[in-house]
Amino acid sequence: MSGRSDVAPDTLDVELAEDGIAVEYADGRRTFYHGVPEKVEGTLRAQPGRSVHVLVTEPDRTEGALTYVNDRMTSDEILEETGVGRVLLDADEEATVFPGVTVRRDGYAIEVDADPEAAGGRVFVFEEDELSEYSYEFA
């Protein structure tokens with residue numbers, strides 16, 4: 001697809017709730033990631049074909065940056081308007097999306113490694129497709 005490139009994320013408002021995490025886009029719309037994130041350590045490997053979003057919050061947990069990994073559907077213009085970042089990976093490519101947070105493409109799967117201390121806040125990963133949604137937090 002032409003017209004797709006890496007996009008730097010903006011700082012967005014984040015609300016951590018008992019039943020999930022809300023993110024307010026720069027254009028005022030909100031999205032809600034359902035469920036209490038499962039604690040993970042080491043490498044998180046998403047199922048092939050699922051959308052992967054990485055959210056790193058500030059230490060005060062009211063702001064953060066959201067990046068889509070390998071999203072080839074959303075136009076650059078929409079990402080820039082919403083403040084959401086994007087990183088595109090080729091096969092076996094790796095990228096640092098935030099200090100302490102690395103993503104890589106292994107075949108059709110996305111892998112995420114994160115060190116919350118190095119990231120300077122909390123690190124969440126959301127994995128979803130048309131049928132399911134999973135939330136994780138690096139411990």
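Let's start with Asp-92, which is exposed, with a relative accessible area of 63% (exposed means over 50%, buried under 20%, partly exposed in between, using a 1.4 Å probe and protein chains only). Keep in mind that this is a predicted model, where local features need pLDDT of at least 70, side-chain atom pairs count only at pLDDT 80 or more, and totals for chains, interfaces and linings use all residues. Residues are numbered from 1 along each chain as its sequence is written, and side-chain values use heavy atoms, with hydrogens and water left out.

- Most residues other than glycine have a negative phi.
- Asp-92 isn't a glycine, yet its phi is positive, at about 60°.
- You'll find Asp-92 in the loop between strand 8 (85-87) and strand 9 (strands are DSSP runs of E, at least two residues; helices are runs of H or I, at least four; both are numbered from the N terminus).
- Asn-70 also has a positive phi, about 65°, without being a glycine.

**Around Asn-70**

- Asn-70 sits in the loop between strand 7 and helix 1 (76-82).
- Is Asn-70 buried or exposed? Asn-70 counts as buried because its relative accessibility is 18%.
- A polar atom of the Asn-70 side chain lies 2.4 Å from the backbone nitrogen of Leu-89.
- Leaving out residues up to four places away in sequence, Asn-70 touches Val-87, Leu-88, Leu-89, Arg-105 and Ile-110 (contact means heavy atoms within 4.5 Å).
- Two of those names turn up again in the sheet: Arg-105 has Ile-110, in strand 11, as its bridge partner.

- Four strands form an open sheet in the order 5-11-10-9, with antiparallel pairing (two strands pair if DSSP finds at least two bridges between them).
- Strand 5 (43-45) and strand 9 are at the edges with a single partner strand each, so one side of each has no neighbour in the sheet.
- Strands 10 and 11 are joined by 6 bridges, in the antiparallel sense.

**The nonpolar cores**

- The largest nonpolar core has 23 residues, and Val-54, Val-101, Val-103 and Val-112 touch the most other members (such a core is a set of buried Ala, Val, Leu, Ile, Met, Phe, Trp, Tyr and Cys residues joined through side-chain atoms within 4.5 Å).
- Apart from that one lies another core of 14 residues, including Tyr-33, Leu-66, Leu-79 and Val-84.
- Beyond its neighbours within four places in sequence, Val-112 has contacts that include Val-54, Val-101, Val-103 and Phe-138.

Terms used:
Polar contact = N/O pair within 3.5 Å; in protein donor to acceptor, adjacent residues only side chain to side chain.
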